[in-house]
Amino acid sequence: MRIFLDTANIEQIRQGVKWGIVSGVTTNPTLVAQEGVKDYQFVVQEICSIVDGPVSAEVVVEGVENMLSQARSIAEWHPNVAVKIPATPDGLEVTSKLARDGIKVNMTLCFSANQALLAALAGAAFVSPFVGRLDDIGQDGMALVKSIMDIYGEYGFETEVIAASIRHPLHCVAAAQAGADIATVPFKVLEQMIKHPLTETGNARFLADWHRVSRQG
Ligand code: G3P
């Protein structure tokens, strides 16, 4: 399973890339607003200059023609851009048309296996089941990821599954166990994935013991 960062924060992306394990980035209008970014194109192009992999940027208009036109212009920002399109009836039409033109679509706000099936049939490059938001309403978000993996495996769909709306490290473990192609994680979760108190105390002890012995020598 690959790891994407789910953020529009440039410093977080730089840090994740330095660690060598971030192979893409997903953004959405909320994440961009949280950073106070006014120029979406500028920030996405900056992200693309840092990460060598897919970078998702979302359409923020409604209606087929508006979405199509905005998606086409977003796709021109950088060859690595995947355009996020919501899993709605209009979004399906837009996705089919964009896919026919070779534009990578990340079908987002996916909350059911049927939406994911249609995303694959429409030719989306990625589908993003929102695990945490399903958990929030008492449904099993990771069960959705498993169902999608089963269906895609059955028919050999090439659409990649991005476990999204990841809230904590156990979501990452479960997404990997479910066979998700990618988990897109907030930076805080990425830090939680590597940090372990026993590693920290163990490392401090090893260093202290080593220094004590080398002082004696
Ligand atoms: O990748 C989708 C993500 O940004 C949504 O996360 O925590 O707002 O449900 P959340």
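## Starting with helix α11

D209 comes out as partly exposed, with a relative accessible area of 24%. Keep in mind that this is a predicted model. The cut-off for buried is under 20% and for exposed over 50%, so D209 falls in between.

Who does D209 pair up with? Its partner is R212: the two side chains meet in a salt bridge, at 2.7 Å from N to O. Both residues sit in helix α11 (residues 197–216), 3 residues apart, which is about one turn of the helix. R212 is partly exposed too, with a relative accessible area of 42%.

## One turn along helix α5

Helix α5 (residues 89–100) holds both K97 and E93, which are 4 residues apart, or about one turn of the helix. Their side chains form a salt bridge, 2.8 Å from N to O. K97 is partly exposed at 27% relative accessible area, and E93 is partly exposed at 36%.

E46 and R14 make a salt bridge, with their closest N and O atoms 3.5 Å apart. E46 belongs to helix α3 (residues 40–50) and R14 to helix α1 (residues 10–19), so this pair ties together parts that are 32 residues apart in sequence. Both ends are partly exposed: E46 has a relative accessible area of 25%, and R14 has 35%.

## The wider picture

How many salt bridges does the whole structure have? A search turns up 8. Some share partners, and that joins E11, R14 and E46 into one network.

How values were computed:
Residues are numbered from 1 along each chain as its sequence is written. This is a predicted model: local features need pLDDT of at least 70, side-chain atom pairs count only at pLDDT 80 or more; totals for chains, interfaces and linings use all residues. Side-chain values use heavy atoms; hydrogens and water are left out. A salt bridge is a side-chain nitrogen of Lys or Arg within 4 Å of a carboxyl oxygen of Asp or Glu. Helices (H or I, at least four residues) and strands (E, at least two) are DSSP runs, numbered from the N terminus. Buried means under 20% relative accessible area, exposed over 50%, partly exposed in between (1.4 Å probe, protein chains only).
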